[in-house]
Amino acid sequence: FFGGVFMKCGVERNVRVVIRVRPGKSEEDNCCTVSRNTVQIAGERGEKRLTFDKVLPLDTTQEQLFQIVGVPTVNHVVDGYHGTVLVYGQTGSGKTHTMLGPNGGKPSCLDEGHADFADRGLIPRVGAEMFERLGRIAGVWTVNASFYEIYQDKVRDLMDTSSGALQVVGDKSNVRIIGLTSMPIKSAADMLGLLRYGGKHRAKRSTESNDYSSRSHAIIQLVVHQKLRDGREMNSKLNLVDLAGSERLSKTGAQGVAAQEGANINQSLSVLGQVIHQLCRSHEHVSFRNSVLTRVLQDSLGGNHVTTLICNISPLKENASESNSTLQFANYAKQIKCHTTKNVVLSPTELQTRLDAALEEIERL
Ligand code: ADP
Ligand code: MG
């Protein structure tokens, strides 16, 4: 599907990092202040001040977050670029709130008739925006959706739980998950249906083990194919990722992201920390292959994706050390550069024109 000839017209972009501060209890319990795009945390070891592409204060609405992160992402994907949005942060910092909606993304926030729908998160909004935009293109399109999670380094299809752990194959930009359900969807309502259906399987698992939902990563992938009336064809992908809780990483301190080991931590999240560290230091070898999460996100981090990382923090004093470590992670991530190209499949006529031009040039030499 992604084979064929792609147009090379690269743009170098940094991973865009957006910090979202969730609401706390009361003013005096907070240790975190936001002014413009700077966030400041007063901790035991003094104050830390960091600046990011965007810092969203605690009164930021879901709609505002969607305008800042969702709309530009949909624009890129409809333009033919691959896009990724990831949300990182400790358990309880509002990752699922940001991506799906309130109260752990419970089904009511995906029900158009329910009051909670007003507070729905980024994924349902991005879905609606995508179909709205595709509805206006001069051409035909298809969208295929997958919903899966990674738990203890295994891929589980949330649309077909009978399939067991799925195998990840391929490398670089060609990573695939064998047997993963890919469902054609046609509307915002289909997207809500997919989220409800897959969400049910997540919820069931989280009752089986206490910290299940904070140790699993949930990923929605949309694959968009557009065939425009002018003959151009574009294939682009969008990954929307609700990562596992990062709190275990904080135990080893800010530098520890690169040195985590052991059975009782989320191995894939610590590999993600290592990978981000290596990418921003321009290491020659990046340990993408050390976890399933980093394998499936290989292209989103330092590859051909327009990527936004949302880092959620709690403003509470009691969470200062976790918030600090999240900001440290965010600070590394903002240095990562992705070389993005439009994924246009050239038509035979266009290829012929280019070939003719090249031959002419050779003759002139
Ligand atoms: P996480 O997925 O990071 O563990 P959740 O999204 O489950 O955290 O958030 C924990 C609780 O806090 C949920 O009930 C959620 O609705 C609430 N919450 C999180 N962020 C916000 C926010 N920005 N505004 C209002 N409530 C929030
Ligand atoms: Mg969650």
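This is a predicted model: local features need pLDDT of at least 70, side-chain atom pairs count only at pLDDT 80 or more; totals for chains, interfaces and linings use all residues.
Visitor: Which residues are closest to ligand 1?

Guide: The closest are R22, G92, K95, H97 and N103. In total, 13 residues surround the ligand.

Visitor: And how far is a backbone N or O atom of G92 from an oxygen atom of ligand 1?

Guide: For G92 the distance is 2.7 Å. S93 also places a backbone N or O atom by a ligand oxygen, at 3.4 Å. For G94 the corresponding distance is 3.1 Å.

Visitor: Switching to the helices. At what angle do helix 1 and helix 4 pack?

Guide: The angle is about 45 degrees, and the axes are 9 Å apart. Helix 1 covers residues 62–78 and helix 4 covers residues 122–134. That angle makes helix 1 oblique to helix 4.

Visitor: Is the crossing of helix 1 and helix 4 left-handed or right-handed?

Guide: Helix 1 passes helix 4 in a right-handed crossing.

Visitor: Which residues make the contact?

Guide: From helix 1 they are Q62, E63, L65, F66, V69, G70, V71, V74, N75, V77 and V78. Helix 4 supplies L122, R125, V126, E129, M130, R133 and L134.

Visitor: How many of those are nonpolar, polar and charged?

Guide: This contact between helix 1 and helix 4 has 11 nonpolar residues, three polar and four charged.

Visitor: How do the axes of helix 4 and helix 5 cross?

Guide: They cross at roughly 150 degrees and come within 8 Å, with helix 5 spanning residues 188–208. Angles over 145 degrees count as roughly antiparallel, and helix 4 and helix 5 are therefore roughly antiparallel to each other. Their crossing is right-handed.

Visitor: Which residues make that contact?

Guide: On helix 4, I123, P124, G127, A128 and F131. On helix 5, A188, M191, L192 and L195. By class, the contact of helix 4 with helix 5 has eight nonpolar residues, one polar and no charged ones.

Visitor: What about helix 8 and helix 10, how far apart are their axes?

Guide: Their axes are 8 Å apart, and the two helices pack at an angle of about 40 degrees. Helix 8 is therefore oblique to helix 10. The ranges are residues 267–280 for helix 8 and 320–333 for helix 10. This crossing is left-handed.

Visitor: Which residues are in the contact there?

Guide: Helix 8 uses L272, G273, I276, H277 and C280, and helix 10 uses F329, Y332 and A333. The contact of helix 8 with helix 10 divides into six nonpolar and two polar residues, with no charged ones.

Visitor: Last topic, N144. Which strand is N144 found in?

Guide: N144 is in strand 8, residues 139–151.

Visitor: Leaving aside neighbours within four places in sequence, what is N144 in contact with?

Guide: With those neighbours set aside, the contacts of N144 are S182, M183, P184, Q221, L222 and V223.

Visitor: And how far apart are N144 and H225?

Guide: In sequence, N144 and H225 are 81 residues apart. In space, C-alpha to C-alpha, the distance between N144 and H225 is 8.6 Å.

Conventions:
Residues are numbered from 1 along each chain as its sequence is written. Chains are lettered from A and ligands numbered from 1 in the order in which they are written. Side-chain values use heavy atoms; hydrogens and water are left out. Axes are lines fitted to C-alpha atoms, for helices over the stretch in contact, and angles run from 0 to 180 degrees between N-to-C directions. Helices (H or I, at least four residues) and strands (E, at least two) are DSSP runs, numbered from the N terminus. Angles under 35 degrees count as roughly parallel, over 145 as roughly antiparallel, 65 to 115 as roughly perpendicular and the rest as oblique. A crossing is left-handed if the near helix is turned anticlockwise from the far one by less than a right angle, and right-handed if clockwise. Contact means heavy atoms within 4.5 Å. Ala, Val, Leu, Ile, Met, Phe, Trp, Tyr, Cys and Pro count as nonpolar, Asp, Glu, Lys and Arg as charged, and the others, Gly among them, as polar. A residue is near a molecule or strand if one of its heavy atoms lies within 4 Å of it. A polar contact is a pair of N or O atoms within 3.5 Å; within protein, one must be able to donate a hydrogen and the other to accept it, and residues adjacent in sequence count only if both atoms are side-chain atoms.
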